[in-house]
Amino acid sequence: MATMVNGQKRVGLAADRRHSFYGRDIVSVKQFSREDLTYIFGVANEMRSIVRRVGTTDLLKGYVLANLFYEPSTRTSSSFIAAMVRLGGSVIPIHGVQYSSVSKGESLPDTIRTLESYADVIVLRHPEVGASEVAARYASKPVISAGDGVGEHPTQGLLDLYTIYSELGTIDGLHVAMVGDLKNGRTVHSLARLLRLYDTTLTMVSPDILRLPEENKQELIAAGRTVHETDSVDDVIESADVLYVTRVQKERFADLREYEAVKDCYEITPALMARAKERMALMHPLPRVGEIHYDVDDDPRAAYFRQMENGMYIRMALLAAVLGKA
Ligand code: NCD
């Protein structure tokens, strides 16, 4: 609530944070400060407790979300739908763009203009880097990126960071190892960008052709983070507090022979987990296609199913925040 201090309007911290989300697009994690993250994690905690206590609320009753997916998705699309429904709102789901006017050649700006005349907020997944920024430019309603090509996946980055915090109780001081396709993995790009805001040490584990893009690496270094690179999980398994494993992104390879050469480069097994810290978080944005052995699922450090559930709470928090109801 605003208070008057020396004749000047002063906005309290919570209200101040609300302003940084209300009516805003979410297209890159670059837009967030640590204070924004603390605020959104607090709202996500509240959403978790509402869902666990009563399942739903009518906070967004009467609001409509357009869920527009030009690429395949299970978790992101369904958790956005579940988030909106649990907040009492409704959803226009457009998942097979081949059945929409996109297949008649409609441009992204025209599709966005159409949907915003029916909906209050638009979630967009698109194969091209920067597509959500383009959409946001044309839309007067908030646009939330659900992943743009090999660029970013900001809501996944937020839920990943929230999971680290929920699992380990802190983010500062951690050694985070990211494993797999660091070049094409948009979740990696968003999470690495968020981790630069915290006192973390990072080790990037990948085959040579799938290394973290130089731009992301330089951002981490410029923020004062130490970044190690290796191609071997052996180098990190004993010291990592977080092991963030990713899928080799087959759909991004122009030459499938290159994919075949690296697709099975890492597999987290019970034998490997036996060497890891007792208190650590094994994470994966999912889907997995062989990187984490199913026998690891019962290990208490396997956090990927909790991570996936956290996605709904974070998305509930973001929807409520951009619509000014958090
Ligand atoms: C990720 C994505 O789409 O980038 N999936 C997700 O949203 N959880 C990761 C992936 O597809 O490998």
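This is a predicted model: local features need pLDDT of at least 70, side-chain atom pairs count only at pLDDT 80 or more; totals for chains, interfaces and linings use all residues.
**Note on the ligand site and overall fold**

1. Residues are numbered from 1 along each chain as its sequence is written, and side-chain values use heavy atoms, with hydrogens and water left out.

2. Oxygen atoms of the ligand have polar side-chain atoms at 2.9 Å from Thr76, at 2.8 Å from His153 and at 2.8 Å from Arg247 (a polar contact is a pair of N or O atoms within 3.5 Å). The protein covers 93% of the 320 Å² of accessible area that the ligand has on its own (Shrake-Rupley method, 1.4 Å probe).

3. The ligand sits in the largest pocket. A pocket is an open set of points on a 1 Å grid where a 1.4 Å probe fits, with protein on both sides within 12 Å along at least five of seven lines; a molecule sits in it if more than half of its atoms lie within 2 Å of its grid points.

4. Leu286 and Pro287 deserve a look. A cis peptide bond joins them, with omega about 10 degrees. Leu286 also has a positive phi of about 65 degrees, although it is not a glycine. Most residues other than glycine have a negative phi, and most peptide bonds are trans. Pro287 lies in the loop between strand 11 (281-283) and helix 11 (304-322), and Leu286 is in the loop between strand 11 and helix 11.

5. The protein has eleven helices and eleven strands (DSSP runs: H or I of at least four residues, E of at least two). Its radius of gyration is 20 Å, close to the 20 Å that the globule rule gives for 326 residues, so the protein is as compact as a globular protein of that length (taken over C-alpha atoms; the rule is 2.2 Å times the number of residues to the power 0.38).

Key
A polar contact is a pair of N or O atoms within 3.5 Å; within protein, one must be able to donate a hydrogen and the other to accept it, and residues adjacent in sequence count only if both atoms are side-chain atoms. On a 1 Å grid over the protein atoms alone, a cavity is a set of points where a 1.4 Å probe fits but cannot get out, and a pocket is an open set with protein on both sides within 12 Å along at least five of seven lines; lining residues have an atom within 4 Å of a point.
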